[in-house]
Structures are given as structure tokens and as C-alpha cells.
Amino acid sequence: MSVASFTSAATVDDALAALAAGARPVAGGTDLVVGARQGKAPLPERIVAIDRVAELSGISELDGALHLGALATHSEIATHPLVRERFTALADASAIVGSRATRAHGTIGGNLMNASPAMETGGPLQCLDASVMLQSSRGSRWVPVAELFGGPGATTAQPDELLVAVDVPAPAEGTASAYVRLEYRRQMEIAVVGATAAVTLAGGAVSAARVAITALAPTIRRVPEAEAALESSDGGEAAVAAAAAAAAAASAPISDVRASEGYRRAMAEVIARRAIEAALARGRGELVPIPASSGGTG
Ligand SMILES: Cc1cc2nc3c(=O)[nH]c(=O)nc-3n(C[C@H](O)[C@H](O)[C@H](O)COP(=O)(O)OP(=O)(O)OC[C@H]3O[C@@H](n4cnc5c(N)ncnc54)[C@H](O)[C@@H]3O)c2cc1C
């Protein structure tokens, strides 16, 4: 676990200079440092701590849109009133990350940049059309979350790019969302299988739908076939069943110590159905407690 150089950035410019010189950023350290302690990957030679960079903190709202600083923690996200009311799938996701300690230190930037196919916030952010701002000493660019994940544990960001913010546009009127994961226990767990649904209801019909699958493919991804099964439907049992079956059909899971490929594929349909039902129920004004994984339907 030896590190050749460790610095602490006070500003974004400090952090960008360190990244340009080859350092890796550490935010909450709940992936990078905990992983190194567990022997999953050695610590990088050069590290720059970004946890004291005030410009990267905070959650704000502008005209109904949500702005998350890269250092927004899961606790801050899960308890934020606007997130809970309008971006509910994201609250469902952040509320179940790890344990109370993990949520207090783990950040949205670290969660996204770790790029695990089983991480919680990627599905909700994709279904809610979020983008991230990547900044380096060469400039900055916005990247849709859907285009950030390059493969298991890999992003499309350059090594000298810092994720500075996540922006989520205001959802259309009548939109509700939910994220549900299959978990073997309530704490210190990641998704065995997960699914997100976001639906827009107009006059009792589904006018728009988003469905994403988690821990079921090399990257978290949306399933257009599941979305098509819901769109223009009445959101009834047949449409929900067709959408959940489409989500399962789009899955390409792996077998590992946590579940076999066959079990994951079978559970994909169940979990997708629960996420879609929870989003529809919320859209109809029914109470589905946060997190939907433990308090939701099904
Ligand atoms: C016990 C335990 C349970 C967990 N349970 C869950 C779970 O249920 N669900 C889940 O999704 N995750 C879980 N995690 C993983 C982890 O807590 C989250 O992914 C967390 O959000 C990581 O954030 P962090 O700030 O601690 O990241 P760090 O460890 O600081 O960084 C993670 C990676 O992202 C990079 N990075 C961090 N910030 C930035 C940035 N702003 N720009 C560019 N790169 C950056 C780092 O270089 C590193 O590669 C768990 C971890 C532990 C230890």
C-alpha cells in the first residue's frame, strides 16, 4: 500500500495540475483505499485528495434541474428534499449504498468514476438523462452518463480529467421513477441485479418510459425494447410484463461468487417488474417508501 506522492488539493486548479502530472484523485476513498486494503488493486503511485475542494461540494437546484457537485455524498443525495421528490430513483439508489459510514463518505463522483457494472447510481442517472462535466487543464466537456461507462471498471474519461459535477435536467411533468436491487442483506451490499424505471404519465397513459439494467451486462445500460413496451400503453399488467421480459432478454449477465448467470437472468425479470411497478405506483400518487428495494411493491 505504499504511495510515492500524496497531495491535498485546495482548489480545482490544484487538482487538475496534479492529475496532469499523473496523480489519481481520491474523494471519499471508499473504493480506492478500501479496495487497496482488501488487496483488490494496489494504491496508485501518486494520489491527490480532492475532499477539501469546496468548489466540488454541494447540491443545488436551478429551475427544477439538479446540480450535484462531484463530492456530494450518498447521504446528502438520499436526504435531499428535491432528489426525494423529483429524482426519486436516485434517492432510492444513494439510500442503499453500503452502510451509514459508506454513505457519509462515498461520493457521487467516486461512484460514477469507479464504473462498476453493479454500482447503484448509474441506472437512475441514465434514466433521468444526467450528464457529467469532465474538466482537465486542457478544457472541459459534458458527457451523458450513458456514454461515461466504457466497460467493467472503465470510463471513457481521460486520466487527466476530473469529474466536477453531475447535472440532471428537470423531469417532464408527471414523471416518476424508482430503482430496485436484489440484495442478500440490507447493509454492506451491492446489487446482485438491479433495475431502474422512469415513467411519464399523461391522462392515465404512459407517454414516455426509461428502463435500465444494473449488474446484468458489462456496463449499466438502458433497454429500448422494455421502454417501447411501456410507451403509449396504459401501464397495466400486460405492458409491465412485456417490459420486464424485454429487460431480462437484454441481459447478458456473468456468473461470479455472488450469483450464477442463470439466477441473475431469472431475477432480471422480477427486479425489472418491481422497479417498473414502483415507478408507476409513484406516478399514480401511491406511496412507495424510499428505498423502493425494501419498501416497494412486490
Ligand atoms: C463496505 C462498502 C460497501 C459498498 N457498497 C456499495 C453499494 O452498495 N453500492 C455502490 O454503488 N457502491 C458501493 N461501494 C463502493 C463505494 O462506496 C462507492 O462507489 C462510492 O460512491 C465511491 O465514492 P468515493 O468518493 O469513496 O470514491 P473513491 O474511492 O475516492 O474513488 C473511486 C474511484 O473514482 C475516482 N474518482 C473519485 N472521484 C473522482 C472525480 N471527482 N473525478 C475523477 N475520478 C474520481 C478515483 O480515482 C477512484 O478510481 C461500497 C464500498 C464499501 C467499502
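These numbered points describe a predicted model, going from its domains to its strands and then to some of its side-chain pairs.

1. Domains. The chain is divided into domain 1, residues 5-49, domain 2, residues 54-168, and domain 3, residues 175-292. The centres of domain 1 and domain 3, taken over C-alpha atoms, are separated by 34 Å.

2. Strand β1 (residues 5-8) runs parallel to strand β3 (residues 46-49), and 4 bridges join the two. Within this pairing, Ser5 stands opposite Arg46 in β3. Strand β2 (residues 24-26) also pairs with β3 in the parallel sense, over 3 bridges. Here Pro25 has Val48 of β3 as its bridge partner. With helix α2 (residues 32-37) included, β2 and β3 make a β-α-β unit, and this unit is right-handed.

3. The five-stranded sheet. An open sheet is formed by 5 strands in the order β4-β5-β10-β6-β7, with antiparallel pairing. Its edge strands are β4 (59-62) and β7, each of which pairs on one side only. Neighbouring strands of the sheet are turned by 25° against each other on average, direction ignored.

4. The antiparallel pairing of β6 with β10 extends over 5 bridges. One example is Ser131, whose bridge partner in β10 is Asp167. Helix α1 (residues 12-20) packs on the sheet and touches both β6 and β10. The direction of α1 makes about 125° with that of β10.

5. Strand β11. Strand β11 is mostly covered, as 8 of its 8 residues are buried. In a regular strand, side chains alternate between the two faces of the sheet. For β11 both faces are covered: Thr175, Ser177, Tyr179 and Arg181 are buried on one side, and Ala176, Ala178, Val180 and Leu182 are buried on the other. Strand β12 (residues 193-202) runs antiparallel to β11, and 8 bridges join them. Among the paired residues, Tyr179 has Thr196 in β12 as its bridge partner.

6. Glu120 and Arg181. The structure holds 9 salt bridges. In one of these, the side chains of Glu120 and Arg181 meet, at 2.6 Å from N to O.

7. Asp160 and Arg138. A salt bridge also links Asp160 with Arg138, and their closest N and O atoms are 2.6 Å apart. Asp160 is in the loop between β9 (154-155) and β10 (162-168), and Arg138 is in the loop between β6 (131-136) and β7 (139-144), so this pair ties together parts 22 residues apart in sequence. Asp160 is buried, with a relative accessible area of 16%, whereas Arg138 is exposed, with a relative accessible area of 58%.

8. Arg141 and Glu161. Another salt bridge is formed by Arg141 and Glu161, with 2.7 Å between the closest N and O atoms. Because Arg141 lies in strand β7 and Glu161 in the loop between β9 and β10, the pair ties together parts that are 20 residues apart in sequence. Arg141 is partly exposed, at a relative accessible area of 34%, while Glu161 counts as buried at 7% relative accessibility.

9. Gly122. Which residues does Gly122 touch, not counting residues up to four places away in sequence? They are Val145, Phe149 and Ile220. Gly122 lies in helix α8 and is buried, with a relative accessible area of 0%.

Methods. Residues numbered from 1 in each chain as written. Predicted model: local features only at pLDDT ≥ 70, side-chain atom pairs only at ≥ 80, totals over all residues. Heavy atoms only, no water. Salt bridge = Lys/Arg side-chain N within 4 Å of Asp/Glu carboxyl O. Buried < 20%, exposed > 50% of the residue type's maximum accessible area, 1.4 Å probe, protein only. Pairing = 2+ DSSP bridges. Axes fitted to C-alpha atoms, helices over the stretch in contact; angles between N-to-C directions. Contact = heavy atoms within 4.5 Å. Domains from an automatic or database assignment. Right-handed = clockwise from strand over helix to strand, strands pointing away.
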